[in-house]
Amino acid sequence: MAGKGRLAGWVRRRAEGAAGADVPDLRRDPLVRAATAAGFPVAPAAHPANYGCSCERIGCPIPAVHPVSPAWQTQASTDPDTLERWLGRDPLANFVTATGVGHDVLDVPAEAGRLAIERLIADGATLGPVALAGDRLLFFTATRGNPADEDEWWPCELDCHPETRDEHPGIRWHSRGSYVLLPPSRLPSGETVEWLTGHGLDLPLPDPLPVLDVLADACAQFSYEPEREPATWLR
């Protein structure tokens with residue numbers, strides 16, 4: 001009976017999501033404009049359609065959570081005129097922001113992320129914008145991905161790209177070559193990506209390393225990552 005209840009709930013959520021999939025979210029345009037004004041380069045993304053993905057690719061592996069164009073990295077822009085063309089072209093489109101240019105994103109399971117927020121606030125640490133995307137929390141930080149001197153670039157074991165997302169069940173560090181969905185993008189579940197109350201785009205971007213330390217401890221507490229020194233992840 002419990003299995004039937006879970007199945008019925010999943011079907012109901014999918015049906016509810018599909019029912020509202022063709023109704024534009026009036027918050028989208030101002031929220032995406034605010035993101036570009038904050039210096040986040042954006043690009044159009046697919047959206048839920050017909051219980052699947054608007055890209056109409058048969059068996060799309062990441063339905064409704066990927067950019068429309070394979071050239072999204074070079075296409076991503078903060079130009080107002082370009083953005084207005086994209087917004088007018090498809091009122092249902094989700095939008096992604098390309099990371100590693102103006103910002104990075106530390107992406108963790110929501111339960112670990114909420115614990116980390118409590119600790120960061122208690123410590124008086126700088127905490128920037130944070131978004132909820134399904135069962136993940138997205139912590140927007142300053143970037144390490146665009147140094148003035150290219151020799152200063154350093155890779156990290158936690159670096160996450162679209163094709164390696166499933167390899168990082170704990171912390172994912174979205175920097176060069178990656179992206180995340182922006183609020184109020186719609187997920188296949190019918191949920192939307194949302195800025196947490198009090199943690200929106202008006203906050204400055206913090207240094208990623210202090211935030212990473214707290215996120216690592218929180219993820220270790222929930223057994224998402226083995227406990228180890230963050231320094232061994234960074235060089």
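V101 touches P41, T143 and N146, leaving aside residues up to four places away in sequence; a contact here means heavy atoms within 4.5 Å. This is a predicted model, in which local features need pLDDT of at least 70 and side-chain atom pairs count only at pLDDT 80 or more, while totals for chains, interfaces and linings use all residues. Residues are numbered from 1 along each chain as its sequence is written, and side-chain values use heavy atoms, with hydrogens and water left out.

- V101 lies in the loop between β4 and β5 (104-109); strands (E, at least two residues) and helices (H or I, at least four) are DSSP runs, numbered from the N terminus.
- V101 counts as partly exposed because its relative accessibility is 48%; the class lies between buried, under 20% relative accessible area, and exposed, over 50% (1.4 Å probe, protein chains only).
- The C-alpha atoms of V101 and G39 are 9.1 Å from each other, although the two residues are 62 apart along the chain.

**Strand β4**
- In β4, 5 of its 5 residues are buried.
- N94, V96 and A98 point one way from the strand, and F95 and T97 point the other way.
- β4 runs antiparallel to β1, joined by 4 bridges; strands count as paired if DSSP finds at least two bridges between them.
- Within β4, V96 stands opposite A43.
- β4 also pairs with β9 in the antiparallel sense, over 3 bridges, and A98 stands opposite Y179 in β9.

**Nonpolar cores**
- In soluble globular proteins, nonpolar side chains tend to be buried together.
- The largest nonpolar core has 28 residues; such a core is a set of buried Ala, Val, Leu, Ile, Met, Phe, Trp, Tyr and Cys residues joined through side-chain atoms within 4.5 Å.
- The residues with the most contacts inside this core are V42, F95, L138, F140, L181 and L182.
- Elements that each supply at least two residues of this core include α2 (28-37), β1 (42-45), β4 (94-98) and β9 (179-181).
- A second, separate core of 25 residues includes L115, F139, L196 and V211.

**The whole chain**
- The protein chain has 7 helices and 10 strands.
- Of its 235 residues, 48% are buried.
- Among contacts between residues at least 6 apart in sequence, 75% join residues at least 24 apart.
- The accessible surface of the chain is about 12000 Å², and 54% of it belongs to carbon and sulfur atoms; the areas come from the Shrake-Rupley method with a 1.4 Å probe, and for residues only the protein chains shown count as cover.
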